[in-house]
Amino acid sequence: MMMCQHFLLEPTKEQEEKLFYTLYLCRKLYNYSLEQRIKHYKEYGKGLTYEDQQNMLPEYKKEHPEYKKVHSQILQDVLRRLDRAYKNFFEGRANYPKFKDKYHYTSITLPQCEAKRNFSKEGYVYIKNIGHIKIKAHRDFDPKKVKTINIKYHAGKWYINLSVEIEEEKEKVSTGEKAIGIDK
């Protein structure tokens with residue numbers, strides 16, 4: 001079973017600038033990919049898939065070298081978000097995907113976490129090209145069980161959401177050895 005643990009992040013000024021720049025690039029990629037899907041559908045009558053756009057990502061990074069500063073998994077997650085938005089639209093759960101502004105694209109996700117790399121320094125999370133960011137953890141968590149890292153900017157502060165795998169507690173079944181209550 002998965003559980004989300006929510007903590008405050010305390011990035012340095014330099015790290016905060018890198019986080020804002022990463023959000024800017026991710027938002028730009030999301031909007032570009034949405035525009036690309038719309039154009040492709042108008043031209044060919046058929047939409048692009050996540051796999052199509054993921055395969056185009058290396059070429060896009062060559063044309064836009066600033067994207068080399070963003071972890072590739074974060075960029076792939078941007079395309080996954082757009083694909084999820086399309087699936088929700090076609091299954092009737094949401095409206096047609098919209099272009100995002102800076103107020104509506106406020107988080108980045110690292111879908112695969114590796115404890116040795118991302119939590120090598122206690123009390124910090126490591127994000128490639130950003131560095132070790134201090135976590136203000138108010139409770140313990142096991143870095144080995146963290147599956148996904150999401151960093152969000154909300155109300156002037158940075159937060160980290162960790163998707164942690166936890167074991168489900170099995171219900172204890174009474175064997176009837178000790179009677180409780182009135183026995184006949």
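## Pockets and annotated segment of a predicted model

About 250 Å³ of space lies in the largest pocket of this predicted model. A pocket is an open set of points on a 1 Å grid over the protein atoms alone, where a 1.4 Å probe fits, with protein on both sides within 12 Å along at least five of seven lines; lining residues have an atom within 4 Å of a point. A volume is the space filled by probe spheres set on the points, which are joined across faces, edges and corners.

| Pocket | Volume | Lining by class |
|---|---|---|
| Largest pocket | about 250 Å³ | 6 nonpolar, 2 polar, 4 charged |
| Second largest pocket | about 210 Å³ | 6 nonpolar, 2 polar, 4 charged |

Ala, Val, Leu, Ile, Met, Phe, Trp, Tyr, Cys and Pro count as nonpolar, Asp, Glu, Lys and Arg as charged, and the others, Gly among them, as polar.

Helices α1 and α3 (72-90) each give at least two residues to the lining of the largest pocket. That lining includes Arg37, Tyr41, Asp83 and Phe90. Around the second largest pocket the lining includes Phe119, Tyr124, His138 and Pro143.

UniProt, in an unreviewed entry, lists residues 9-46 as "domain: Transposase putative helix-turn-helix". Over residues 9-46 the chain is 84% helix and 5% strand, with the end C-alpha atoms 42 Å apart. Helices (H or I, at least four residues) and strands (E, at least two) are DSSP runs.

Mean pLDDT (the predictor's confidence in each residue, from 0 to 100) is 91 for the protein, and 91% of its residues reach 70 or more. Confidence is highest in helix α1 (residues 13-44), at a mean of 96, and lowest in helix α4 (residues 115-118), at 88.

Residues are numbered from 1 along each chain as its sequence is written, and side-chain values use heavy atoms, with hydrogens and water left out. In this predicted model, local features need pLDDT of at least 70 and side-chain atom pairs count only at pLDDT 80 or more, while totals for chains, interfaces and linings use all residues.

Definitions and conventions: UniProt positions renumbered as here; feature names shortened; annotations may be inferred.
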